[in-house]
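Biologist: I would like to learn how to read pockets in a model. Can we work through one together?

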Amino acid sequence: VKEQGRNGYRYYSAEFTRQAQQRIELEQQLREAIKQQQFVIYYQPQVRLDNCQIIGAEALVRWEHPQRGRLAPNEFIPLAEQTGLICKLGQWVLNEACRQMQTWLGAGYRLETMSVNFSKRQLTEGNFVEQVNQALRSSNLPASFLEMEIVESLIMEQSDEVMAALDELRLMGVSLAIDDFGTGYSSLAYLKQLPVGTLKIDRSFVRDIPDDPSDCAIVKAIMALADSLQLEVVAEGVETAEQATFLSDILCPKAQGYYYRPPISAQAFEALLRNSHSD
Ligand code: C2E
Ligand code: CA
Ligand code: CA
Ligand code: CA
């Protein structure tokens with residue numbers, strides 16, 4: 001038994017070393033990827049529920065890894081966050097999403113919002129007001145078309161400084177969406193302190209509507225809250241016609257999800273815009 005234990009230890013320690021090595025390797029590759037711009041943005045349509053018109057997009061980054069193919073954000077965003085590389089990556093995404101949005105607006109497509117995700121270190125390190133400003137200036141995108149998405153769990157831990165910066169952005173016209181709303185285990189007090197414009201109902205509440213009475217009640221309660229505070233609502237993760245119908249019946253204004261489209265390349269998004277505008 002003792003022998004086994006020692007082998008076990010040796011095994012785990014080898015496994016640990018291997019994982020640490022992989023991490024270091026991935027970190028180096030990530031640094032290189034930022035230099036060589038191996039990232040692409042996929043855009044997921046946001047639709048108006050009453051007429052299914054595309055009214056916006058969420059920018060979702062992918063890494064075109066030279067050996068491993070296209071990687072989803074969960075395979076590299078956490079490491080980018082831990083190493084601080086997220087700041088550079090986030091800046092690139094912001095610039096690119098603004099540039100793309102301005103191109104689509106310039107082509108005459110009537111979109112309302114481009115949503116861009118911001119992570120923890122982007123808010124706390126560097127000057128994100130200046131970064132947003134720079135992205136808007138260099139793309140010529142009017143600020144009112146940009147929406148910052150911040151997950152609810154990040155909101156509560158923000159300093160007065162970050163709060164003030166978000167307010168500054170609102171004054172410029174940039175809007176703020178609370179991502180994964182309902183999962184942050186936070187008090188709702190921030191809703192009156194922060195310049196929130198949109199609640200994005202987390203997909204865990206959308207998944208089991210209309211069958212699960214609790215989820216239906218939660219979604220309705222979020223709608224009522226948003227109504228009385230005059231906030232926009234986007235239901236995330238809509239996958240079925242039944243979910244869409246339920247949301248539409250309770251007058252949820254906007255939705256996003258595989259039922260409409262998964263995140264798609266800029267080219268595919270534009271083709272979609274072209275077709276829907278020619279109807
Ligand atoms: P998120 O912000 O909650 O983005 C929505 C995620 O749900 C996306 O995953 C999207 O592909 C997926 N999704 C959309 N519709 C459906 C649906 O109907 N059903 C299901 N099951 N999933 C759906 P993705 O693209 O893999 O992104 C995962 C997360 O990575 C994002 O979650 C976001 O937190 C993060 N992320 C993506 N791009 C960026 C970025 O540029 N910066 C930062 N900081 N984070 C990003
Ligand atoms: Ca998001
Ligand atoms: Ca707006
Ligand atoms: Ca979300």
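**Reading the pockets**

Modeller: Start with the second largest pocket, which holds about 170 Å³ of space. Keep in mind that this is a predicted model.

Biologist: How is empty space found at all?

Modeller: A probe the size of a water molecule is rolled over the atoms, and this shows where empty space is left.

Biologist: Which residues lie nearest the centre of the second largest pocket?

Modeller: They are C52, I54, R261, L272 and S276, out of ten lining residues. β1 (39-48) and α12 (266-278) each supply at least two residues of that lining. By type, the lining has six nonpolar, two polar and two charged residues.

Biologist: What is the volume of the largest pocket?

Modeller: About 1,100 Å³. Its lining has 39 residues, and E58, L60, P73, N117 and D179 are the closest to the centre. β2 gives the most to this lining, with five residues. The lining splits into 17 nonpolar, twelve polar and ten charged residues.

Biologist: Which space does ligand 1 take?

Modeller: Ligand 1 takes the largest pocket. β2, α3 and β6 each give two or more residues to the shell around the ligand. β2 gives the most here, with four residues.

Biologist: Which residues are closest to ligand 1?

Modeller: Of 22 surrounding residues, the closest are Q44, R62, R203, E239 and Y258. A side-chain N or O atom of E239 lies 2.5 Å from a nitrogen atom of ligand 1. Y258 uses a backbone N or O atom, 2.8 Å from an oxygen atom of the ligand.

Biologist: How much of ligand 1 does the protein cover?

Modeller: The protein covers 82% of the 810 Å² of accessible area that ligand 1 has on its own.

Terms used:
Residues are numbered from 1 along each chain as its sequence is written. Chains are lettered from A and ligands numbered from 1 in the order in which they are written. This is a predicted model: local features need pLDDT of at least 70, side-chain atom pairs count only at pLDDT 80 or more; totals for chains, interfaces and linings use all residues. Side-chain values use heavy atoms; hydrogens and water are left out. On a 1 Å grid over the protein atoms alone, a cavity is a set of points where a 1.4 Å probe fits but cannot get out, and a pocket is an open set with protein on both sides within 12 Å along at least five of seven lines; lining residues have an atom within 4 Å of a point. Grid points are joined across faces, edges and corners, and a volume is the space filled by probe spheres set on the points. Ala, Val, Leu, Ile, Met, Phe, Trp, Tyr, Cys and Pro count as nonpolar, Asp, Glu, Lys and Arg as charged, and the others, Gly among them, as polar. A residue is near a molecule or strand if one of its heavy atoms lies within 4 Å of it. A polar contact is a pair of N or O atoms within 3.5 Å; within protein, one must be able to donate a hydrogen and the other to accept it, and residues adjacent in sequence count only if both atoms are side-chain atoms. Accessible areas come from the Shrake-Rupley method with a 1.4 Å probe; for residues, only the protein chains shown count as cover. A molecule sits in a cavity or pocket if more than half of its atoms lie within 2 Å of its grid points.
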